[in-house]
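Here is a quick tour of one model, from the overall fold down to a few individual residues. Have the structure open as you read.

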Amino acid sequence: MRPKLRTALAALTVASAVGGGLLLPAGTAAAAPGPAPRPAPAPVQRADFNGDGFADVVVGTPYAHVGGVKGAGQAVVLYGSADGITAGDRQLLTQGESGIPDGPEAYDGFGGVSAAGDFDGDGFSDLAVTAHGDNDHTGLLTVTWGSKTGLTGGVTLDDPDRLASPAIQNRRTWGAKLAVGDFDGDGRDELVVAASTNTTADGTLYTFAAIARSGAQPAPAKTQLGFRLSQYHEGIESGDVNGDGRDDLVLAGVVSGLNHYVPGSPTGLLPAAAQALGAGDEQAIGDINGDGYDDVVIGDRSGGKGGRILVAYGSAAGPSTTPVVVDQDTPGVPGASEQGDGFGVSVALGDVDGDGYQDLAVGSYGESLGPVPLAGGVHVFRGSAAGLVTRTGVQAVNRTSAGVPGDARRAEQFGIEVALTDPDRDGRADLVVGASDADGVHSGSVTYLPSNGAKVAAPGARLILPGQAGLTATPGLAFGAHFAR
């Protein structure tokens, strides 16, 4: 299973499920494309903590030892530059340092869940970070502030509904799910927080519309959901699926593992208009076909034989109710679906070739490379006016691919986390790949693969190891298993 605070790192069991398959829209690869949308100017980066215009990448490392304190957790900020991300231009976030509240304690797990957005409207991205094991495993949520010199200072956001007597049978982890977006259309980022819980109650969302740098925090708006959220951490994503200028949410639920689409409105999120989507743990939202509506991609690593993704195209009515299914047996997709591949364990959208259509990266952390089991891999699909292109041009990326640094290694789980972002500010998304190293010996890694305008793994690719990022490398560290949303 994916070690996103879900189970032991060495465990990797992908359940088999009966999976159907819908073909992508007719002519996805063969038909002449319609007029391409004009590539938009480089957007303001949501994760740009020092305001220099280069996107930054946050690698949460909740199992990090801090000054001998086991599992206290840290978060590594890799700052973007003309050279992309490097180990040299970094910041290490730790509780009790740089004005960040609280202090490192055993198994706090600081950094396991994080999300970036401008919460105070000053033009610098800020970072919300959860320590899932803090407060006797009820969770501690911190917001640290962006500035010209990076992230500094911070405040805590308390759980308004913290359980009086939490226990193993009645546990609620505050801040386990974080999403950032403009859900009411007022032009400002809002932070949506949810707790993971093992109770049977329906979920609740807490929206912080204005976070103060000091003093008492305004009470968040509560949104009661008509369904239970998954017990896993994360499983939540935002984007404007119905094209009304307000962000919507997609959340992983418990019943049958179904995701739910919850639209935004002038008054905030509208659970009464929620729509059930397909099953899966991971989500990415962006405009694949350039029609002005964001599309929903759900990663279902346990679906079918070796995992799959579901693509629900957006419209004024919301996401399609008949999502397209893609797996490694889809014609044109390199490889083949095999038990335990975990295709869909991670998904990310970004414009790799700069044509105005969002491209898609899909991780397969259990993929074997010849005799090397669980080495992992990533597939990169192109977006187009006809939708996701599967029959031609799908790029398979792994340690044996040209331009990818490092060697294939047993249980490295390359692709357990992926991001498509623009840290070199050239208008094209680069691929960042995390590897958790579940072999009990190594400590994980982050691989940066820049775009050359057509595909990733161009010159300038680099491998970043924990020691280079200022961390103490220990077995089970899983540096690379958690990126900020």
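This is a predicted model: local features need pLDDT of at least 70, side-chain atom pairs count only at pLDDT 80 or more; totals for chains, interfaces and linings use all residues.

Before the first stop, a word on naming: strands here are DSSP runs of E with at least two residues, numbered from the N terminus. Valine 456 sits in the loop that runs between strand E26 (445-449) and strand E27 (462-464).

What does valine 456 touch, leaving aside residues up to four places away in sequence? The list is Val352, Val380, Gln395, Val397, Leu431, Leu449, Pro450 and Ser451. Take valine 380 from that set: along the chain it is 76 residues from valine 456, yet the C-alpha atoms of the two are separated by 8.5 Å.

**Another loop**

Serine 147 also belongs to a loop, this one between strand E6 (140-145) and strand E7 (152-157). Serine 147 counts as buried because its relative accessibility is 16%. Its side chain reaches the backbone oxygen of glycine 150 at 2.6 Å. If you skip residues up to four places away in sequence, serine 147 touches Phe49, Asn50, Phe124 and Thr152.

**Aromatic rings**

Now for the rings. The structure holds two aromatic pairs, and here they are side by side:

| Pair | Distance between ring centres | Angle between planes |
|---|---|---|
| Tryptophan 174 and tyrosine 206 | 5.3 Å | 80 degrees |
| Tryptophan 174 and phenylalanine 208 | 6.4 Å | 65 degrees |

Why is the pair of tryptophan 174 and tyrosine 206 called edge-to-face? Their planes stand at 80 degrees, and planes over 60 degrees apart count as edge-to-face. Tryptophan 174 and phenylalanine 208, with planes at 65 degrees, also make an edge-to-face pair.

Put together, ring pairs link Trp174, Tyr206 and Phe208 into a cluster.

One more ring is worth a look: arginine 425 lies over the face of phenylalanine 54, at 4.3 Å from the ring centre.

**Zooming out**

How many helices and strands does the protein have? One helix and 27 strands. The radius of gyration is 20 Å, close to the 23 Å that the globule rule gives for 485 residues, so the protein is as compact as a globular protein of that length. Along the principal axes, the C-alpha atoms fill a box of roughly 60 × 50 × 45 Å. Buried residues make up 59% of the 485. Among contacts with a separation of 6 or more, 55% join residues 24 or more positions apart.

The average pLDDT of the protein is 89, and 91% of the residues score at least 70. Residues 1-44 are another matter: pLDDT there is below 50, though in the model this stretch has 106 contacts beyond near neighbours in sequence.

Conventions. Residues are numbered from 1 along each chain as its sequence is written. Side-chain values use heavy atoms; hydrogens and water are left out. Helices (H or I, at least four residues) and strands (E, at least two) are DSSP runs, numbered from the N terminus. Buried means under 20% relative accessible area, exposed over 50%, partly exposed in between (1.4 Å probe, protein chains only). A polar contact is a pair of N or O atoms within 3.5 Å; within protein, one must be able to donate a hydrogen and the other to accept it, and residues adjacent in sequence count only if both atoms are side-chain atoms. Contact means heavy atoms within 4.5 Å. pLDDT is the predictor's confidence in each residue, from 0 to 100. Rings of Phe, Tyr and Trp (its six-membered ring) pair if their centres lie within 6.5 Å; planes under 30 degrees apart count as stacked, over 60 as edge-to-face and the rest as tilted. A charge sits over a ring if NZ of Lys or CZ of Arg is within 6 Å of the ring centre and within 35 degrees of the ring normal. The radius of gyration is taken over C-alpha atoms; the globule rule is 2.2 Å times the number of residues to the power 0.38.
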